[in-house]
Amino acid sequence: MTQSLKDRSVVVTGGSKGIGKGIARVFALSGAKVVIIARHIDQAEAAAAEIGHGTFGVAGDVTSLASVEAAFAAAAARNGGIDVLCANAGIFPQARLEDMSSEQWDEVVDTNLKGTFHAVKAAVPYLKTSGQGRIVLTSSITGPITGFPGWSHYGATKAGQLGFMRTACIELAKYGITVNAVMPGNIITEGLVGLGEAYQKTMAASIPLKRLGTVEDIGHAALYFASKEAGYVTGQTIIVDGGQILPESLEALG
Ligand SMILES: NC(=O)c1ccc[n+]([C@@H]2O[C@H](COP(=O)([O-])OP(=O)(O)OC[C@H]3O[C@@H](n4cnc5c(N)ncnc54)[C@H](OP(=O)(O)O)[C@@H]3O)[C@@H](O)[C@H]2O)c1
């Protein structure tokens, strides 16, 4: 395991639950100084206390640039700057497009896509002075690769993050900042558990490795992109899905 995250200052948006909490834990165990950002400060603080290793919770809402800027200023003041941004906050309410309201569309786009822009924009002033600035986005296989009924808005945001990344990485390269994205498959989180046991069982059956992913599976991929060793990798994606996107049909699963 890389040692290069030791004492790096890391900010994880949406780090109070699910994948973000897994990312925060993996980074904290690698010696990084981690700040978790989420709207519910009580949950951010509880997650930070559970992870330990100096992890700290700060309130912030990625739909507001001013809120993200204030949260990142607090994180930078605490840990002496920001070296790594994990832009992970996201929501995935389901609505079939024939029933979807304009407001439902906006809520998902404002959080997942505009929220990614806000987080990256607010982090850049700090990452520029890092000398090893890293941005890791949490995208998804849903949107860039696959589709799922009820998630047309969600899929659009997850594909949109990758379009955003491909120009952002070019613009930020002159500062030595890299921008990459992890594309999780179906990962066991509080949010996914809420979709029901039947959903989890069907999903596990459709995955060649026959299990849903863990939040640590995603954390380790994020850790690679954030490492010193990944310094020549930018604008790239890694799919972490147990092989889920590969079978052509149910027969292919043997
Ligand atoms: N779970 C999966 O299988 C899966 C698969 C592919 C991709 N992903 C992606 O992984 C990311 C995390 O998903 P998850 O399953 O871990 O979700 P989750 O368990 O529901 O956690 C979502 C996190 O985001 C925070 N959040 C939501 N809206 C926010 C906002 N406006 N500002 C700041 N923080 C906000 C939540 O805290 P607050 O509510 O307190 O703000 C929470 O910490 C998302 O980007 C999602 O698209 C998940």
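The questions and answers that follow concern a predicted model.

Q: What makes β1 and β4 count as paired strands?
A: A pair needs at least two bridges between the strands. Strand β1 (residues 9–13) and strand β4 (residues 84–87) have three bridges, in the parallel sense, so they qualify under that rule. Within this pair, Val-11 has Leu-85 of β4 as its bridge partner.

Q: How do you know that β5 and β6 pair?
A: Five bridges join β5 to β6, and at least two are required, so the two strands count as a pair. They run parallel. Thr-138 is opposite Val-182 in β6.

Q: What is the strand order of the sheet, and which strands are its edges?
A: The seven strands form an open sheet in the order β3-β2-β1-β4-β5-β6-β7, with parallel pairing. The edge strands are β3 (56–59) and β7 (237–240), each of which pairs on one side only. From one strand to the next the twist averages 20°.

Q: How does helix α2 lie relative to β2 and β3?
A: Helix α2 (residues 41–51) lies across β2 (33–38) and β3, and runs at about 170° to β3.

Q: Why is β6 called largely enclosed?
A: Seven of the seven residues of β6 are buried, so the rest of the structure largely encloses this strand. Being buried takes 20 or more other C-beta atoms within 10 Å. Both faces are covered: Thr-178, Asn-180, Val-182 and Pro-184 are buried on one side, and Val-179, Ala-181 and Met-183 on the other. In a regular strand the side chains alternate between the two faces of the sheet.

Q: How do you know that the length of helix α5 agrees with its number of residues?
A: Helix α5 (residues 152–172) has 21 residues, which at 1.5 Å a residue should span 30 Å. The end C-alpha atoms are 30 Å apart, so the two values agree.

Q: Which elements do the buried residues of α5 pack against?
A: They pack against α4 (102–127), β5 (134–138) and β6 (178–184). Among these buried residues are Tyr-154, Phe-164, Met-165 and Leu-172.

Q: What makes His-53 partly exposed, while Lys-210 is exposed?
A: A residue is exposed with 12 or fewer C-beta neighbours, buried with 20 or more, and partly exposed in between. His-53 has 15 inside 10 Å, so it is partly exposed. Lys-210 has 11, so it is exposed. His-53 is in the loop between α2 and β3, and Lys-210 is in the loop between α7 (197–205) and α8 (215–226).

Q: What is the phi of His-53 and of Lys-210?
A: His-53 has a positive phi of about 55°, and Lys-210 has a positive phi of about 60°. Neither is a glycine. Most residues other than glycine have a negative phi.

Q: Why is Leu-246 called exposed?
A: Leu-246 has 12 C-beta neighbours inside 10 Å, so it counts as exposed; the cut-off is 12 or fewer. Leu-246 is in the segment after β7.

Q: Which residues come nearest to the ligand?
A: Of the 32 residues around the ligand, Gly-14, Gly-18, Arg-39, Gly-90 and Gly-191 come nearest. By class, this shell has nine nonpolar, 19 polar and four charged residues.

Note on methods: Residues numbered from 1 in each chain as written. Predicted model: local features only at pLDDT ≥ 70, side-chain atom pairs only at ≥ 80, totals over all residues. Helix = DSSP H or I, 4+ residues; strand = E, 2+ residues; numbered from the N terminus. Axes fitted to C-alpha atoms, helices over the stretch in contact; angles between N-to-C directions. Contact = placed C-beta atoms within 7 Å. Expected span 1.5 Å × (residues − 1). Near = placed C-beta within 6 Å. Nonpolar A, V, L, I, M, F, W, Y, C, P; charged D, E, K, R; others polar.
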